[in-house]
Structures are given as C-alpha cells and as structure tokens.
Amino acid sequence: MSVLSRWGAVLLAPAMALLIALAISGLVMGALGVNPFRVLTVMVDFGDTPSQQVTQIVAVLNRALPLFLAGLAVAIGFRMGLFNIGVEGQYRMATIIAATVGAAVVLPGPLHVALIIAVAMVVGALWAGIVAVLKVTRGVSEVISSIMLNTIALGLASYLLTGPFRGSPEGASIVATAEIPESGRIGGLNGVFDVLGLANPPRQLYGFLLVAVVVGVLVWVLLQRTRFGFDLRATGLSPSAASASGVDARGMVVKTMLLSGAVAGLIGLPDLLGRTYEYNSDFTSGLGFLGIAVALLGRNSPAGIALAAVLYAFLDRASVPLQAAQLPSSVVTIIQGTIVLAVVVANEIARRLSRRAAERASRQAPSAPAPQAQQPAAQEVTS
Amino acid sequence: MKAAALLLAGSLALAACASDEPEAGGGSAGTSAEGGGELQVGIAYDTGGRGDKSFNDSAYAGASAAVEELGGTVTDLTPNADASNRVDLLTQLADDGSNPVIGVGFAFADAIAEVAPQYPETTFAIVDSSVADAGLDNVTGLLFAANEGSFLGGVAAALKSQTNHIGFVGGVESPLIQEFEAGYVAGAQAAKPGIQVDVQYISPAGDFSGFSDPAKGYTLAQGMYQGGADIVYHAAGASGQGVFRAAAEAGGQAIGVDSDQYETIGDPALQAVIMTSVLKRVDNAIQQFITDYSEGNVTGGEDRVADLESEGVGLSTSGGKIDDISAQLDTFEQQIVGGEIEVPTTP
C-alpha cells in the first residue's frame with residue numbers, strides 16, 4: 001500500500017502533466033486546423049523497414065544522451081536550491097578544451113578516452129566554480145553570474161577556436177579544432193542490435209551511453225545514499241534548518257557547483273567522441289538551456305531525467321517526419337513547451353497537496369487520544 | 001506499466017475526440033504521390049528555414065521554378081532550433097524517395113558525407129561547399145564565386161564614393177564571408193587605388209549571432225559613416241537591416257547582398273539607400289542543377305562554380321543608381337571573365 005501510494009504520488013504529477021499538455025496541444029492543433037490524430041500517428045511511426053526503425057531509435061537515444069547529461073547537471077544545482085543557468089557555457093568551454101587536449105596527445109585507447117573525459121569534467125567544474133566563488137565570497141547571485149559567464153564562454157570559445165586551437169586548414173568553411181585520433185574515440189554500440197536480433201543500420205548508437213548510465217547511477221547514489229547528498233538536499237529544502245544543524249552552507253555551494261559543472265562538462269562528449277571528433281563552429285549549441293527544461297520535466301531525479309530526455313528526444317525526432325507529411329513541425333515545440341509548463345504547475349500542486357497531507361498528519365499524530373477535538377482544524381486547512 | 005498504458009489510452013482517446021472537426025483541413029495535405037517516375041526534389045534548409053527572405057527562399061524559388069517547368073514535387077524540410085538533426089533531414093528525404101536531395105548551406109557538409117554513401121542511388125547536392133576532394137561520387141557541390149560579385153560591388157562603391165572612403169560589415173568572421181571582403185577590397189582598390197576601406201565583423205567564427213544582430217550591424221555601420229565613409233557593403237544576413245538603417249540616418253548609401261535587397265526590403269526609407277546588391281543566384285544554380293539532373297547530365301563528385309561568366313553572381317540594377325557607371329562595371333566584368341583580373345579569395 002505504502003509503496004503503491006509512493007510510486008503513485010511520484011508518477012501522478014508527470015502523468016497528469018503529460019495528459020494536460022497533450023490536451024492543450026490537441027486543442028491548439030485543432031484551432032490551427034491540424035488533425036491531432038494524424039500528428040500522433042506520424043510521431044509514433046518510425047519507418048517501414050526494420051533498418052529505418054532502428055535508425056530512428058538510435059536517433060532518439062543519441063539526442064537524449066546530451067539532454068540527459070544537461071538535465072542532470074542542472075538538477076544537481078536545483079536539488080540544493082541553486083539555479084545553474086551556466087551549464088551552456090560550462091559545456092562549451094569543457095568541450096573545446098577537451099577536444100584540443102584529446103587531439104594533442106597520443107595515449108593507449110582507454111586512457112586516452114579517460115583523459116578527455118577527465119579534462120572535460122575539470123574544465124566544466126572550474127568554470128562553474130567561478131560562479132560558486134563569486135556567490136560565497138561576494139554574495140553574487142548564481143543566476144546573474146552564470147548567465148554572464150555563458151556569454152564570456154561563448155566569446156572565449158570562439159576566440160580559442162579561431163586562434164590558438166584552430167586545427168582546420170585556412171579557408172575551410174567550417175572552422176574546427178584538430179581531429180581526435182582513433183584511440184581517443186568511443187565506438188558505437190550497434191553490436192547490441194545484432195545480439196538482440198534487430199537490424200543493424202549504419203547510424204551508430206553512441207558508446208557514451210554507457211558512461212552516461214554510470215554517471216546517472218553515481219549521481220543518484222551520491223544524492224540519495226551519502227552524507228553529502230543528504231546535506232545537499234537538506235540545504236535545498238531549508239537552508240536555515242540545514243545550517244542550524246551544522247551543514248557548512250558555503251562549502252556546500254562550492255561543492256555543488258563543482259559537481260554540477262563537472263557533469264555539465266560531459267554534455268558535449270557524446271557528439272565529440274562518437275561522431276564529430278572535433279569541436280567546430282557548427283557544434284550543437286543550446287543544450288545547456290534545454291537541460292533546464294529536462295530537469296524540470298524529470299523532477300530532478302536521475303531516473304526521471306532519463307525519461308524526460310528520451311521524451312524530449314522523441315518529440316524532437318518527430319519534427320522531421322511531420323514536415324515530410326506536410327504537417328507543421330511547430331506542434332513539437334508547442335507540445336514540449338506545454339509539457340514543461342504543465343509539469344511545473346503539476347509539481348506545485350503535488351507539493352501543496354503533500355504538504356497539506358503532512359500538516360494534517362502532524363496535527364493529528366500528537367492528538368491521537370482526542371481526535372474529535374482536532375477535526376475542525378484539519379478541515380480548515382484543507383478547505 | 002499501468003500508468004503508461006493509462007497514459008497511452010488517454011492520449012489516444014484525447015486525440016480521437018479532437019480529431020472530429022478538422023478532418024478536412026488536415027487530411028488533404030501530405031499525400032503527394034502523383035504517379036511514379038515524376039521528379040521529386042528534396043530540399044533540406046539551413047537554420048531559419050523557408051521565409052528568411054534570403055538564402056533558403058532563394059533555394060526554394062529555384063527548386064519550384066525547376067519543378068514548374070519539368071513537373072513533379074518539392075519536399076522541403078527545416079532543421080530544429082539547434083540544427084542537430086541535419087542527418088535526420090537528409091535521411092528522411094532519401095528514405096521518402098526524393099531525388100535529387102539538396103542540402104542548403106555548407107553546414108550540411110558532414111551530414112551529407114555521412115548520408116550520401118548510404119544511398120548510392122540518390123543524387124545529392126550541397127550549396128556552398130566543395131565536394132571535389134570528398135570522394136563522394138553521388139554528391140555535387142554548388143559553389144559561388146562570391147569574391148567576383150563582391151569585386152564589382154567594390155568597384156561600384158569606389159566609383160560612387162564622394163569621400164574616397166567606404167566600408168564593409170561582415171556577419172561572422174568565417175572563411176566564407178572573408179571571401180566577400182577580399183573581393184570587395186580588391187575591387188575598390190582596382191577602381192580607385194588608395195581608397196580607404198573600413199572592415200569590421202559582427203561576431204567571430206563559431207558565434208553565428210552575427211547574421212542575426214541588426215543592432216550590432218547598425219552600431220558598426222554608424223561608426224563607419226561617422227568616420228567619413230559614405231558607402232557600406234554588408235555581407236551579414238539579417239544584420240544588414242541595421243546597416244541600412246545606419247545609412248538612412250547618416251544620409252549615406254549601402255550595398256545589399258545575396259538577393260536583390262532593393263526589391264525585398266519592403267521599407268521605402270531603407271530602399272532609398274540601397275545602391276545595388278551583390279547577387280548570389282542560389283535559385284539559378286539549383287534550378288540548373290535540377291534541370292541537368294532530369295536530363296541525366298549530373299556526373300557527381302564534382303563542383304559547379306557559379307561565377308560572373310555563368311551569371312551566377314553579379315550586381316543588381318533595380319533603382320537605377322549604378323546605371324551611370326555601368327560601362328566601367330562592364331569593363332571590369334569582362335576583365336574578370338577574360339582572366340585578366342584574378343580576384344583574391346582571402347583578405
């Protein structure tokens with residue numbers, strides 16, 4: 001019973017939100033003269049041949065991967081009440097520096113990859129650390145400083161790319177860093193499809209998926225099963241209560257931002273190590289901002305974020321076949337937007353409901369011998 | 001599991017309810033299978049998609065002109081906001097049987113290199129990117145000698161300048177835009193040796209905001225006009241609006257880019273300052289490519305350069321503001337076509 005109700009509570013809000021979002025999107029589509037049923041059919045149609053279908057699954061997972069990492073990075077901050085909008089800048093800096101270091105060294109396979117990952121995490125952490133230091137020593141809001149650092153990161157990355165880190169020949173249309181050699185790349189996971197007896201398309205499933213799963217599990221353990229995670233969540237729930245019980249609030253800000261930045265540093269790596277092997281002027285941007293939406297959607301838990309990232313990627317994928325079917329692909333944006341809004345609203349409603357339930361419980365618990373006396377008060381709260 | 005099932009059921013029910021009314025509106029489109037053997041052109045746009053009044057619209061114009069003449073359909077797809085799905089666009093078009101498939105913009109280079117080998121029966125083309133060394137024998141590169149067009153722009157600016165001082169505002173300091181700068185400066189120097197040319201870029205390579213930042217374009221151009229320049233050429237996409245605004249305020253002139261901006265600007269105050277535009281006929285190149293494809297004249301694995309000679313680049317004359325120097329412009333054009341003048345591609 002308690003397990004069921006707990007899971008019910010966890011799933012209720014997002015499920016409700018999804019339904020409400022679909023209802024609103026359906027109404028909008030109806031108003032636009034678009035048949036929502038046809039939109040839905042196109043969205044879930046992954047193609048005719050097995051090879052096409054698997055390709056589409058790979059496309060969704062490859063897109064979900066950076067979104068998951070971005071959501072995770074944002075969520076770590078959220079859990080402590082820190083709004084790290086700087087994920088965008090953190091992963092840009094991390095990716096370009098990791099790409100350059102990766103191209104500059106020659107190491108045996110696993111070490112080379114490990115070095116690139118380590119560099120990316122350290123750079124991401126340091127860039128986020130600036131925000132933490134400003135907040136702890138000068139009281140600068142992390143929202144302001146991280147937004148500003150995004151702009152600085154963008155400019156700095158452009159400077160590095162066109163200046164000292166440039167690896168592409170003079171006159172090439174796309175400016176890029178030097179290519180990471182074979183030993184520093186992570187191969188695809190398409191062997192899995194052979195094992196499962198599915199078609200094996202040319203499109204490769206990013207091997208970084210394994211790293212992301214490990215990172216997701218580690219973050220979950222860290223947040224839910226360690227003293228550090230407890231302090232972090234306690235500070236997020238009530239900073240004053242946490243510091244009254246001996247949590248070093250300033251230290252927690254620094255540690256949380258470093259951790260958030262380290263995870264943010266990984267966002268660009270699925271693409272970097274699995275497909276492009278270089279950072280270039282056309283590298284996917286904006287993932288840090290999408291991470292905010294994904295974290296909200298996933299309610300800041302690693303498993304929820306993974307689901308949210310896949311949902312987001314699934315919706316994103318649909319924009320191409322929708323256009324091909326002469327349907328407006330903007331419905332994807334509408335659905336994504338309404339889902340996030342609905343989740344935020346649903347979370348708030350769920351939070352209030354559970355708080356009221358808790359209040360009712362705490363009022364009733366001490367007065368167990370005389371329940372009838374407390375009855376009116378409890379009703380007052382709920383009404 | 002239960003929740004998922006419930007969810008699915010709910011969404012299906014919901015969709016079913018809502019689908020009652022707009023049946024007619026939604027159902028009509030999409031079934032574009034008009035017999036086999038017909039030309040089915042696929043276009044994947046650069047970010048911005050159709051309606052950008054520039055590059056993408058020009059590509060669409062070329063494709064629809066070709067289809068109008070030859071019969072068939074055009075399927076056009078726009079990438080998502082961060083353009084991370086370029087490969088998906090090309091895959092979708094090729095899977096749907098579109099042939100030829102055209103990627104608009106050099107950013108498609110990697111995506112085409114990945115997709116083209118998977119569809120050896122499909123003919124691909126990419127605008128603004130060379131495929132000569134890529135080893136892809138079903139891809140054609142559609143290139144433009146932007147430096148040659150810009151050279152004539154530089155000649156016109158130099159001849160028309162009263163102050164012997166002109167300017168250039170580039171969108172993003174990338175090799176592609178530097179080609180415009182190189183041609184422009186060379187043209188100005190050829191027409192009037194010693195002329196002063198201010199060169200500024202809105203954003204560095206890697207930061208594409210320079211193509212969509214009219215405010216910054218305005219500031220840079222304003223600085224040039226205040227510094228004594230009287231004609232400014234922009235190769236900055238939508239940021240060019242700011243350059244025109246600065247020209248209108250300063251009483252100067254400006255040169256547009258890519259399409260005939262005198263015709264497309266739609267604002268009389270700004271139209272008045274557009275002396276000419278350096279044209280890049282993406283529409284012509286694409287129409288020609290599709291026509292050649294339908295006639296079986298596409299070899300693949302090679303580049304086609306649209307230049308002054310093939311009228312793929314050139315100056316627009318709407319507004320009649322450069323009619324008085326048309327003789328000199330023609331002379332320079334002949335010299336470029338004849339090979340007497342070699343226009344540089346890098347500044």
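Mentor: Helices here are DSSP runs of H or I with at least four residues, numbered from the N terminus. The model is a predicted one.

Trainee: What makes the stretch that holds I20(A) a helix, and which one is it?

Mentor: I20(A) lies in helix 1 of chain A, residues 2-31.

Trainee: Why is I20(A) called partly exposed?

Mentor: Its relative accessible area is 42%. Buried means under 20% and exposed means over 50%, so I20(A), at 42%, falls in between.

Trainee: How far from A212(A) is I20(A)?

Mentor: Their C-alpha atoms are separated by 31 Å, and the two residues are 192 apart along the chain.

Trainee: Turning to the two chains, what is the size of the area buried between chain B and chain A?

Mentor: About 3,600 Å², with 61% of it on carbon and sulfur atoms. The contact takes 45 residues from chain B and 45 from chain A.

Trainee: Why is the pair D88(B) and R203(A) called a salt bridge?

Mentor: The N to O distance between their side chains is 3.0 Å. The rule asks for a Lys or Arg nitrogen within 4 Å of an Asp or Glu carboxyl oxygen, so the pair meets it. Across the interface of chain B and chain A, the rule finds three salt bridges.

Trainee: Which helix of chain B gives the largest share of the side that touches chain A?

Mentor: Helix 1 of chain B, with nine residues. That side of chain B divides into 18 nonpolar, 16 polar and eleven charged residues.

Note on methods
Residues numbered from 1 in each chain as written. Chains lettered and ligands numbered in written order. Predicted model: local features only at pLDDT ≥ 70, side-chain atom pairs only at ≥ 80, totals over all residues. Heavy atoms only, no water. Contact = heavy atoms within 4.5 Å. Buried area = accessible area lost by both parts, 1.4 Å probe. Helix = DSSP H or I, 4+ residues; strand = E, 2+ residues; numbered from the N terminus. Nonpolar A, V, L, I, M, F, W, Y, C, P; charged D, E, K, R; others polar. Buried < 20%, exposed > 50% of the residue type's maximum accessible area, 1.4 Å probe, protein only.
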